[in-house]
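Biologist: Pick one part of this model and walk me through it closely, please. I'd like the cut-offs along the way.

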Amino acid sequence: MQVTKSLFAITFALAGICSAQTQPPPNPLKTYIKEDAPIIVLNNVRLIDGTGAPARERMRIDIDHGKIVNVQSAMLRNAFPPGAKVIDLEGKTVFPGLVGMHEHLFYVSPLEPKDGVLYGGEAIDSAPRLYLAAGVTTARTAGSVEPYTDLELKKMIDAGQLPGPKLRLTGPYLEGNPPLLPQMHALKDEADAGRLVDYWAAEGMTSFKAYMHLTPAELKTAIDHAHEKGLKITGHLCSVGFTEAADMGIDNLEHGLVVDTEFYSGKKLGVCPSTRSATAEMAKSLDIESAPVQQMIHDLVSHHVAVTSTLAIFESFVGGRPELEFETEEKPSMAPQSWASVLETRAGLAEHADQSSWAALLKKEMQFEHDFVKAGGLLMAGCDPTGFGGVLAGFGDQRGLELLVEAGFTPEEAIHIATENGAKWLGEDDSIGTITAGKAADIVVVNGNPANKIGDVKKVEMVFKDGVGYDPAQLLQSVQGLAGIR
Ligand SMILES: [Zn+2]
């Protein structure tokens, strides 16, 4: 009896194995997917195509196995492809999946104990989902604190095991001494900078980011080592000014004018001055229209150095901004300690707003970005979810679009900056960045009209990545209360 029973159990188990082998495994992302028909038509929709062209009404987009195959007027009433799932999007708007160019897979951990160490915890679950839910379908990180984790995370997302954007990973920060976070390695010398680039390029990193305290010689070595491999390098610089970095061959500068120290009266060659003093002087007396600033803009443009706009993080330092209503939208995604800490810092910033330079700096930064584009510069956008935690992955990218419009760009131009321009820098504009036949079906569907009211970019109903439509509500739901913890 006992024997028969065990034999039966074995046979049952074997049968189980056989059936598991013949049936396709269930899609682990099923919960998050709203649409995955192989052929989809998005019909009667307002189209902002990412090129900067004005929105077009009543358009139709045909998607076939992850690719956009046709973009035409719905008024033509052409026949639908056989077997297509037709989705009527009357009253809604589509724009390309955002190409976030200053993203991170970490988020500041709440400071506990209060005299603890400043630390960026890997947002292993929350960051990829928050990005995708907000319509960021491609994310270039701009500095890593857990490079191996980032690489593994990318593998899992690419393999369809986890939801998230297409990651374009940057190696560990190329930081000098003292490093801003203990998670950053302080470079010892030029050879060390070269070694770091070589090692992490071999491990699979596709770009690099120089940071505030590295020496000019270390920067130059890092640039050369990256370029030797056909890789690009960006920087959030401080010890080195923008003009100097452009001359060295850097490909991209993060944040814009506010972090450029070259106009500061107390600047010493190769040394990062006090940020407080440098920004206070900039806020008080630097004129964007002055010849030296315009010359710097000209130098960046002529050296093809792109700039990444990160207005959301700068705004978070301005007392009373963004309005609490916006910040409250982020609350459900945040750990309670993180939310409490953000509220506390906000209150402090509001209380001392009259002594702060940040309102003036935000304005100057906006003016600089506008002038940079006018001069022919490639401006891209990203959210930079760092600082004191006031900017969250994804939410910050949406806020950035609103701020670009406040800076004087049209909504279509703002979307162009946050989509096609990033794709161009990545060298991927033949496959992503605009809604054009032949490109990947990375498309954000929003309920509203961002061409009239840019804030409507936040009303995301569905995010297509390679033709698969993800549900932002489910993605957000799955990471409730997690930003700041994991
Ligand atoms: Zn950053």
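**A sheet, and a helix after it**

Modeller: Let's start with a strand pair: β14 (residues 252-254) and β15 (residues 306-309) run parallel to each other, joined by 3 bridges. Strands here are DSSP runs of E with at least two residues, helices are runs of H or I with at least four, and both are numbered from the N terminus; two strands pair if DSSP finds at least two bridges between them. Bear in mind that this is a predicted model: local features need pLDDT of at least 70, side-chain atom pairs count only at pLDDT 80 or more, and totals for chains, interfaces and linings use all residues. Residues are numbered from 1 along each chain as its sequence is written.

Within that pair, N252 sits opposite A306 of β15. Both strands belong to an open, parallel sheet of 5 strands, ordered β12-β13-β14-β15-β16. At its edges are β12 (207-210) and β16 (379-381), each pairing on one side only.

Now on to helix α13, residues 395-406. Among the buried ones are F395, D397, R399 and E402. After α13 comes G408, with a positive phi near 115°.

Technical notes: Buried ≥ 20, exposed ≤ 12 C-beta atoms within 10 Å, placed from the backbone.
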